[in-house]
2 protein chains.
Amino acid sequence: MISTKDKILNEAEKLFAEQGFAETSLRMITAKADVNLASVNYHFGSKKKLIQAVFERFMDTITQDITSEMDKLDAAHGRDLSNIQISEVLQLLKQPIKNLDQLRPDGAGVFMNLLGRSYAETQGHIRRFAMDKYSQTFNRFISYLQASCPQSDASEIFWRLHFMLGSFIFSLAGHRALQEIAESDFNQSVSIEQIIDKLIPFMTAAFAHN
Amino acid sequence: MISTKDKILNEAEKLFAEQGFAETSLRMITAKADVNLASVNYHFGSKKKLIQAVFERFMDTITQDITSEMDKLDAAHGRDLSNIQISEVLQLLKQPIKNLDQLRPDGAGVFMNLLGRSYAETQGHIRRFAMDKYSQTFNRFISYLQASCPQSDASEIFWRLHFMLGSFIFSLAGHRALQEIAESDFNQSVSIEQIIDKLIPFMTAAFAHN
DNA sequence: TGTACATCAGTGAACGCGCGTTCACTGATGTAC
DNA sequence: TGTACATCAGTGAACGCGCGTTCACTGATGTAC
């Protein structure tokens with residue numbers, strides 16, 4: 001039996017991604033989840049904390065997967081990362097994103113939507129919380145990026161990483177609209193995986209320049 | 001004297017960009033603009049139409065500027081676009097974005113914020129309206145991109161353009177947060193123009209690959 | 001094994017509040033004859 | 001030039017509605033002695 005808490009989390013996740021945090025009311029969530037309205041405040045305390053819990057569940061999964069991919073990379077290079085390739089570093093993101101997509105229906109799209117909305121948030125309280133909790137994984141990933149781009153200094157890597165983040169969030173969060181256009185204009189049906197497979201070489205070339 | 005209608009537009013623009021559409025109430029806007037609450041519905045009909053008007057004012061400006069940059073490019077190449085460079089095509093975006101920034105305080109950030117929020121919108125009604133009204137400029141820009149990337153077919157250009165859009169929107173809409181991090185972590189103060197100057201070569205390299 | 005009490009998961013109804021919108025109205029300016 | 005009427009820009013107050021949150025309560029399960 002799926003618990004009331006998880007029922008709420010599951011429906012909240014979908015609705016937040018589809019409509020945004022402010023546009024989704026607790027009444028919508030509890031109606032879809034078929035639970036009592038007051039149970040949200042019972043289990044989570046407030047709407048704000050529910051948003052954070054939804055975000056955290058996704059982030060925990062993906063950081064774990066990214067960490068295990070980084071461990072694999074370490075093993076493959078025998079801890080000597082001096083001749084690591086950017087393509088390898090970016091490629092490491094693929095499986096974790098694909099896993100998200102299998103974890104739940106349209107998981108990758110939902111997560112990227114959530115991530116984008118969290119960044120757009122007024123007082124960035126999710127961003128700050130994420131920086132705290134996930135900084136270790138984040139910084140480790142940056143160190144691989146630096147190892148593979150010896151020509152770029154730390155600040156340059158920082159900017160490029162965020163340019164890349166923008167592309168990933170924007171094109172995966174809005175993948176449905178893009179897929180529809182690709183379908184109608186070019187008669188071409190493209191999966192999430194294929195989008196990632198276009199994104200990674202595109203970003204690899206961008207990181208490699210200079 | 002600045003008209004009531006413009007006072008509303010000016011304040012709405014700022015508040016929408018800072019907090020989002022749903023989070024900004026007509027009462028906040030009219031209080032800041034120092035006009036009567038009912039005047040929003042008098043001049044615009046509804047909150048939804050006000051959002052559209054704010055968006056349109058920015059889009060009209062930037063499409064006009066982009067068009068005139070494209071005219072310049074035509075003139076420089078004597079209408080023969082066969083050996084046009086990607087760097088030229090992307091560079092053409094710089095001045096229009098800079099103009100936005102001078103048009104109003106933090107104009108570029110505000111506009112990119114609005115653009116991002118419009119894309120995230122539930123039923124994409126702004127996206128559809130924009131496609132209609134600005135498709136001519138949009139398609140013309142795509143044709144330059146295609147001329148400069150003869151190795152890529154139309155669908156490939158389409159995907160790359162949206163990857164780029166994501167980077168621009170994400171990093172300019174969130175430029176303040178990024179600037180703060182760059183300041184504190186690298187002791188480096190970066191202007192909007194400098195961000196664009198990092199973005200353009202980054203994207204140029206990405207477009208050029210294959 | 002039985003009783004008493006505590007904790008947990010959940011519920012139904014109500015709370016006050018801020019929201020977008022509407023409406024009847026005012027006063028200034030423009031137009032027709 | 002004067003009068004009548006129409007249009008325009010704006011206003012103050014109220015409308016009903018949906019929101020997040022709270023509260024007193026229930027019933028099941030767990031724990032202590």
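Which helices of chain A and chain B each supply at least two residues of the surface near DNA strand C? They are α3 (38-44) of chain A together with α2 (26-33) and α3 (38-44) of chain B, where helices are DSSP runs of H or I with at least four residues, numbered from the N terminus. The model is predicted, so that local features need pLDDT of at least 70 and side-chain atom pairs count only at pLDDT 80 or more, while totals for chains, interfaces and linings use all residues. Residues are numbered from 1 along each chain as its sequence is written, chains are lettered from A and ligands numbered from 1 in the order in which they are written, and side-chain values use heavy atoms, with hydrogens and water left out.

The largest share of this surface, 3 residues, belongs to α3(A). Around DNA strand C there are 15 residues, of which A:T4, A:N36, A:Y42, A:H43 and B:R27 come nearest; a residue is near the strand if one of its heavy atoms lies within 4 Å of it.

Individual polar contacts (pairs of N or O atoms within 3.5 Å) involve both chains. B:R27, by contrast, has a polar side-chain atom 2.7 Å from a base nitrogen.

Turning to the aromatic residues, a search of the whole structure finds 18 aromatic pairs over all chains; rings of Phe, Tyr and Trp (its six-membered ring) pair if their centres lie within 6.5 Å, and planes under 30 degrees apart count as stacked, over 60 as edge-to-face and the rest as tilted. A:F170 and B:Y119 have ring centres 5.1 Å apart and planes at 55°, so this pair is tilted. It crosses between chains, from helix α9 (residues 154-173) of chain A to helix α7 (residues 107-120) of chain B. A:F170 is buried at 14% relative accessibility, whereas B:Y119 is partly exposed at 23%; buried means under 20% relative accessible area, exposed over 50%, and partly exposed in between (1.4 Å probe, protein chains only).

Within chain B, B:F58 and B:F111 form another tilted pair, 5.4 Å centre to centre with 50° between the planes. B:F58 lies in helix α4 (residues 47-76) and B:F111 in helix α7, 53 residues apart, and both are buried.

Technical notes: Polar contact = N/O pair within 3.5 Å; in protein donor to acceptor, adjacent residues only side chain to side chain.
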